[in-house]
Amino acid sequence: MKKILLAILLMPVLSFSQEKEVLKYFKSKDSLVGVKNQNGKIIVPAQFRVFSYLKDGELVKGETIYFDGDKNDEKPGKNEWGYVYDRKGNFLYRPFFYDNGADYFSEGVRRFVKNGKVGFVDRNGTVIIKPEHDFVSPFNYGYAAFCDGCDWEKTEDEHKAMVGGTWGVMNFKGEIVKPVSKSENAIEVDGKYYPNPFSNYGGA
């Protein structure tokens, strides 16, 4: 009985200890941005020039720390935008540059860049698919198109399109998938059809 009572009393303490540490963005005198914890300890030094509106003392939200910009006096990398750290201050990755900012999450993952190659990470910053291709599209219905030897080219409306190279399609494991004949269960990707990756999970 005493053991049960002790466990009940400890539950609030355990749940509190498992809560995220409060982290806040801070700005230096020259407007560089870093992150401190609630006790004022610097987690990530102020070294970033961010482009999004950010108040001094604004809370860090989510599983990781994101800086919307480059390090001070650093030249932007190809297809890279911003920096992502874990909540202990360890560098994780640089997001893929998309539509004037960092790539968005699609089906739980987003693109990142390392040594000029593109891969995928989850919301915790864990690498899901290693960066091995020159370009990869976001995941859609469990598939992503990729290319090697391709590059950006401006179109007539001043947007950019990926052209040239050798193209293929990967699944969520990073495996290359071959197209199949059109059927009710097939998924269309860039005009070709692929097996429905969710067909084995039941449903109508």
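Modeller: A residue is termed buried under 20% relative accessible area, exposed over 50% and partly exposed in between, with a 1.4 Å probe and protein chains only. This is a predicted model in which local features need pLDDT of at least 70 and side-chain atom pairs count only at pLDDT 80 or more, while totals for chains, interfaces and linings use all residues. Residues are numbered from 1 along each chain as its sequence is written, and side-chain values use heavy atoms, leaving out hydrogens and water.

Colleague: Is Phe97 buried, exposed or partly exposed?

Modeller: The relative accessible area of Phe97 is 33%.

Colleague: How are the planes of Trp81 and Phe97 arranged: stacked, edge-to-face or tilted?

Modeller: Rings of Phe, Tyr and Trp (its six-membered ring) pair if their centres lie within 6.5 Å; planes under 30 degrees apart are stacked, over 60 edge-to-face, and the rest tilted. By this rule there are 16 aromatic pairs. The centres of Trp81 and Phe97 are 5.6 Å apart and their planes stand at 50 degrees, so the pair is tilted.

Colleague: Which class does the pair of Tyr85 and Phe91 fall into?

Modeller: Tyr85 is buried at 7% relative accessible area, whereas Phe91 is partly exposed at 44%. Their ring centres are 5.7 Å apart with planes at 75 degrees, so the pair is edge-to-face.

Colleague: Which ring does Arg123 lie over?

Modeller: A charge sits over a ring if NZ of Lys or CZ of Arg is within 6 Å of the ring centre and within 35 degrees of the ring normal. At 4.3 Å from the ring centre, Arg123 lies over the face of Phe105.
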